Amino acid sequence: MLYGISNELFISNVQSLVDNESEANTKATSSFGWTRYHNLAEIESWLDDILATYPDVTEGFVVGKSYEGRNIRGIKISYKADNPGVFIESNIHSCEWITSATATWFINELLSSTDDLIRDLAENHDWYIVPVLNVDGFVYTHEKDRLWRKTRQPSSYSSCVGVDPNRNYDVHWMENGGASDDPCEWNYAGPHPFSEPEVKAMSEYLGSIKNKVNVFLAFHSYSQLLLAPYGHTADETPDNFKDMMKVAKAYADAVDALPYGTVYKYGSAAGALYRASGGANDWAYQEGIKISFTVEFRDEGRFGFLLPPAFIIPNAEEALSGIIALLDECKKLGYLHLN
Ligand SMILES: [Zn+2]
């Protein structure tokens, strides 16, 4: 998101937003749904239910372990052999709760919707979805600090804890001022690439299946943007950048066609947002996944990371429509391959 640019303008009383959010959470029932935000234990127990309910088409997987020893879990959804693969990484930034809320809603739609478009989406792609990648940080946002963004691994030379995991991938790491070398900064890249066990595990897991994955999407908030490679420089673009912009336009147009009035912009990360090196989508692109985006969800700064739960489903519906259109365009342009 646009750190320090728009948030001060809009979010004048962050504490009242945090209080409203926890009030909504306290009032809620114990059942899983998308009218409030859930903690990691609730998400994992919901995931267990989903795996038990749809055993023929789902498979749980473990990406690896976090610094604090938690399993990083994912779900593969596959209705038939040879489908093109789509990978969704979500909640690498732990304060971005709308990302895992959207990812879980999306999983539920893929498995339970009877809508023809969604059935087509679900059954003609193989889905690899990691709802919460930064599990330690996510637990910390629920228990200690709602706006925590980084991992929870201490630094060996500073009292500041954690690394920005989306600056820690081994791709143009720390180039051109796209991240900070100060452990106390929000965009600290870590002592070296892949210093964070969550990021290293993710790279190994994605690396092991990359030949089956045609599209990589990293869910973030906020700013309403689709960001293509590269993050480390605006002076250079990927060789299929024009195609990626067509694909991004398809997503933005699909969101625009919904009644909510939400506008998505798109471009390269360094061109449309700011220089940010070492990000997951640049790494996935470097590994040969030719359609690779960071998707920054709602909003544009009014609520920021504290997007009220009432917006979970509208945001998720936008993501669903956007992804349907994005994959249609990928198919037209020849990016979806049988695996
Ligand atoms: Zn983010």
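Visitor: What makes strand 3 and strand 4 count as a pair, and in which sense do they run?
Guide: This is a predicted model, and in it strand 3 and strand 4 (residues 126-130) share five bridges in the parallel sense. Two strands pair if there are at least two bridges between them, so five is enough for the label. Ile-88, for instance, sits opposite Ile-129 of strand 4.

Visitor: And how do you know that strand 3 pairs with strand 5 (residues 213-221)?
Guide: Same test: six bridges link strand 3 to strand 5, with the two running parallel, and the cut-off is at least two.

Visitor: Why is strand 3 called largely enclosed?
Guide: Buried means under 20% relative accessible area. Six of the six residues of strand 3 (residues 85-90) are buried, so the rest of the structure largely encloses it. Both faces are covered, with Gly-85, Phe-87 and Glu-89 on one side and Val-86, Ile-88 and Ser-90 on the other.

Visitor: Which residues meet where helix 5 touches helix 11?
Guide: Leu-117, Ile-118 and Leu-121 of helix 5 meet Leu-320, Ile-323, Ile-324 and Leu-327 of helix 11. By class, that contact has seven nonpolar residues, no polar and no charged ones. Leu and Ile both count as nonpolar.

Note on methods:
Residues numbered from 1 in each chain as written. Predicted model: local features only at pLDDT ≥ 70, side-chain atom pairs only at ≥ 80, totals over all residues. Heavy atoms only, no water. Buried < 20%, exposed > 50% of the residue type's maximum accessible area, 1.4 Å probe, protein only. Helix = DSSP H or I, 4+ residues; strand = E, 2+ residues; numbered from the N terminus. Contact = heavy atoms within 4.5 Å.
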